[in-house]
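Subject: Handover of a structure

Dear colleague,

Please find the structure below, together with its sequence. My notes on it follow.

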Amino acid sequence: MCGIVGAITQRDVAPILVDGLQRLEYRGYDSAGIAVVSPEHVLNRIRMPGKVEQLHRRIAAEKPLGHVGVGHTRWATHGAPTEQNAHPHVCRKQVAVVHNGIIENHNALRKQQESDGYEFTSGTDTEVIVHQVHRYLNEGQDLLAAVQSTAADLKGAYALGVISVDEPDRLVAIRQGCPLVIGIGEGEHFIASDHLALLPVTQQFAFLEDGDTVDLTVDGFSVYDRDGKPVDREQRTSKLAGDAVDKGQYRHYMLKEIHEQPLAIAETLEGRIREDHVLEQSFGTGAQAIFDRVKRVRIIACGTSFHAGMVARNWFEGLAGISCQIEVASEFRYRHPVVESDTLIVAVSQSGETADTLAAVRMARKKQFGPVLAIVNVAESTLVREADLVMTTRAGPEIGVASTKAFTTQLVALLLLVLVLGRRHKTDAKLEAIIVRQLRGLPRECEEVLKLEKSIKKLSERFVDKQHALFLGRGVQYPVAMEGALKLKEISYIHAEAYPAGELKHGPLALVDADMPVIAVAPHDDLLEKLKSNLEEVRARHGELYVFADKHSKVEASETVHVIEVPGGHSSVTPMIYTIPLQLLAYYVAVMKGTDIDQPRNLAKSVTVE
């Protein structure tokens, strides 16, 4: 959840650390800090609560010098977002540690360390790590051995970056359950939670695996596995440019990423469909043999990815005739699920580092539930390495905490999977050809939907003073309504809930009055007339309706019914089309309310701890 960056160079590292932290701020922004070993072998630490920009200004004023250092941007778990709890944590001015993750046995370690005379100045679990490293250093171990010995004492998930004034020519890092990447330069090396943080300084990377420790110097690096044996990790070249994570002409990353959806969808389709046919090899070597054995599907995901899975469940059963279940990863791994051996486990994650999803996949593999297919945006992620088959969504970097283009490209990838599996069951070549043509036209249709931006911006003014909102959908549009409600609550802080429209009279109708806006997703599909009846129930209770409908739906506007006409008609790709106006609505309501859109309170982009 937090962001780590570290560097050992022949130049001043402070600017590199700050730039890296600014690129990692989507991972945490409660507080930030750096620690640098000076040429005089003094550990200089600067940290403070708040945004990285505030830290940047302070560093610019104080100008700490040094060639090795670590930095951190924090999303608070243990301890409030204060300067005392901000990283790096330091022990006796000798050693500094930055940490992403949670140490489950920190209380036991803390009691032991207090009895040994160590003083604690924070409420974090991280401080036990730096004291433990110091203890092993005092016993005569070098920095590498001290970090490895400390890791053996820790229970939980973590990524660590560690420096010491006694060994200013090295930076040691370790990964267990939280992402960490090595950046490879000329006469300099780096670590970071995400390779995007390092694009301005290198495009060469090596990705650590769980249990790996890396010992970095200016001349090179050595990686050791959990048994302490030297190992090689594959080096890869990123194709992303250094400015790939800039906002460009847009005010916020979220708006930029909403507008990137037509291109992201086109990229996701590129090379994966030929004429009117989905190419099975798009899912990886051996996909055909695995798919031939699949009789049912179990989707595992969290948050927005869970909503994508809910849409796909409708497709799997309605289009392909395949039994499908969708699971919240954090529940799946703890509820003793029963899964048949002919099941395909589909793990959906933007980052590929979501802790609960990874843990659920590992449990599925351990229990031999079936082969695992990962649908993921980050090709270098842990989930990619642990899956049997992979489809990357090619959405490009997504920095805004509220996911947008990741969701629509996940839907595209899932629909491709539905077609490939469906041809073994219910989907004939004619239906596949129709849906492939719809997918080919989807980028253009999304561009048309984006032309609604001005009218949605105007509409958003009506939500500024609202405290609650209700979203309605039926069938495949119900998860779209859920995603719309999630976007609104994430960035505008308006309490929003989504319901299947048919459930209105089973409770939610009690909430409807003139002060409760009701947003409905109403394409011209088989459930439209049912939905219209539900909307009449709202009107009869003096509710204010905002209906996103196509011209064929023939929803009549009135003083209390606001109709936003969405391009396109009835097709399998309407979930992607109707998602975009809901994203724009949430965005512009948040703009009107003046919230921090890209970094909403209490949230972080990548949930890498439980």
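This is a predicted model: local features need pLDDT of at least 70, side-chain atom pairs count only at pLDDT 80 or more; totals for chains, interfaces and linings use all residues.

Strand β25 (residues 517-522) is joined to strand β26 (residues 544-549) by six bridges, and the two run parallel. Within this pairing, Val 518 has Leu 545 of β26 as its bridge partner. Two strands are said to pair if DSSP finds at least two bridges between them. Helices (H or I, at least four residues) and strands (E, at least two) are DSSP runs, numbered from the N terminus.

Residues are numbered from 1 along each chain as its sequence is written, and side-chain values use heavy atoms, with hydrogens and water left out.

The parallel pair belongs to the following sheet. Five strands form an open sheet in the order β24-β23-β25-β26-β27, with parallel pairing. Its edge strands, β24 (495-500) and β27 (561-565), each pair on one side only. On average, neighbouring strands of this sheet are turned by 20° against each other, direction ignored. Helix α16 (residues 477-492) packs on the sheet and touches β23 (468-473), β24 and β25; the direction of α16 makes about 175° with that of β24. Contact here means heavy atoms within 4.5 Å, and axes are lines fitted to C-alpha atoms, for helices over the stretch in contact, with angles running from 0 to 180 degrees between N-to-C directions.

Antiparallel pairing is found as well. Strand β7 (residues 156-164) pairs with β8 in the antiparallel sense over four bridges, and a hairpin of six residues joins the two. Leu 160 has Ile 174 in β8 as its bridge partner. Strand β8 also pairs with strand β12 (residues 213-216), again antiparallel and over four bridges; there, the bridge partner of Ile 174 is Thr 213. Because five of the six residues of strand β8 (residues 171-176) are buried, this strand is largely enclosed by the rest of the structure. Buried means under 20% relative accessible area, exposed over 50%, and partly exposed in between (1.4 Å probe, protein chains only).

Helix α13 (residues 405-422) has 18 residues and reaches 25 Å from its first C-alpha to its last, close to the 26 Å expected at 1.5 Å a residue. That expected span is 1.5 Å times one less than the number of residues. Helix α13 is mostly covered, with 18 of its 18 residues buried. Thr 393 lies in the loop between β22 (389-392) and α13. With 1% relative accessibility, Thr 393 counts as buried, and among the residues it touches are Ala 264, Thr 409 and Ala 413.

A nonpolar core is a set of buried Ala, Val, Leu, Ile, Met, Phe, Trp, Tyr and Cys residues joined through side-chain atoms within 4.5 Å. The largest one has 92 residues, and those with the most contacts inside it include Phe 291, Trp 315 and Phe 316. Helix α18 (residues 574-593) gives the largest share of this core, 13 residues. Apart from it lies another core, of 29 residues, among them Ala 32 and Phe 190.

Finally, the structure holds zero disulfides, a disulfide being a pair of cysteine sulfur atoms within 2.5 Å. The cysteine sulfur closest to that of Cys 178 is in Cys 2, at 8.6 Å, too far for a bond.

Kind regards

Conventions: Lists of a residue's contacts leave out its neighbours within four places in sequence.
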